[in-house]
Amino acid sequence: QVQLVESGGGLVQPGDSLRLSCAFSGGTMARYAMGWFRQAPGKEREFVAAIAARGSTYYTDSVKGRFTISRDNAKNTVYLHMNSLKPEDTAVYYCAAGLGVYMAISHWDYWGQGTQVTVSS
């Protein structure tokens with residue numbers, strides 16, 4: 001059974017950087033597309049970024065140029081590098097794994113428990 005565990009969240013100030021990690025176990029991560037989603041209080045979970053099994057990357061418009069998703073299949077880990085953080089980036093960030101890249105939550109097969117990111121001065 002695939003399991004995903006996120007880490008790296010925290011409280012940062014606007015303009016700061018943060019790197020989230022997602023540890024993959026119970027399968028072969030290289031076979032999966034990996035994604036990051038986030039959910040702010042009172043809002044629906046939304047797509048942030050994804051990386052296909054072969055390495056193509058995808059981002060929602062609000063994070064383009066600020067966030068970078070990457071994967072290290074040898075370490076079974078996917079990362080989300082977040083720069084120039086804004087208060088509106090505050091949310092619980094979730095890692096997901098699936099057999100293809102989709103923006104729709106329902107198409108992703110496995111989810112982590114989430115890690116809180118708070119951007120505040």
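**Exercise 1.** Of the 121 residues of the protein chain, what percentage count as buried?

*Solution.* The model is a predicted one. In the protein chain, 43% of the 121 residues count as buried. The secondary structure consists of 11 strands and 0 helices. For 121 residues, a compact globule would have a radius of gyration near 14 Å, and the 13 Å of the protein chain agrees with this. The C-alpha trace spans about 40 × 25 × 25 Å along its principal axes.

**Exercise 2.** Classify the geometry of the pair formed by the rings of Tyr32 and Tyr110, and locate both residues in the chain.

*Solution.* A pair of aromatic rings is described by the distance of the centres and the angle of the planes. Ring centres must lie within 6.5 Å to pair, and planes over 60 degrees apart count as edge-to-face. The centres of Tyr32 and Tyr110 are 6.2 Å apart and their planes stand at 75 degrees, so the pair is edge-to-face. Tyr32 lies in the loop between β3 (18-25) and β4 (33-39), whereas Tyr110 belongs to strand β10 (residues 110-111), so that the pair links parts of the chain 78 residues apart. Buried means under 20% relative accessible area; Tyr32, at 10%, therefore counts as buried, while Tyr110, at 23%, counts as partly exposed.

**Exercise 3.** Over which rings does the charged end of Arg45 sit?

*Solution.* The charged end of Arg45 sits over the ring of Tyr94, 3.6 Å from its centre, and also over the ring of Trp111, 4.9 Å from its centre. Trp111 in turn belongs to a cluster in which ring pairs link it with Phe37, Phe47 and Trp108.

Technical notes. Residues numbered from 1 in each chain as written. Predicted model: local features only at pLDDT ≥ 70, side-chain atom pairs only at ≥ 80, totals over all residues. Heavy atoms only, no water. Phe/Tyr/Trp six-rings, centres within 6.5 Å; stacked < 30°, edge-to-face > 60°. Helix = DSSP H or I, 4+ residues; strand = E, 2+ residues; numbered from the N terminus. Buried < 20%, exposed > 50% of the residue type's maximum accessible area, 1.4 Å probe, protein only. Lys NZ or Arg CZ within 6 Å of the ring centre and 35° of its normal. Rg over C-alpha atoms; globule rule 2.2 N^0.38 Å.
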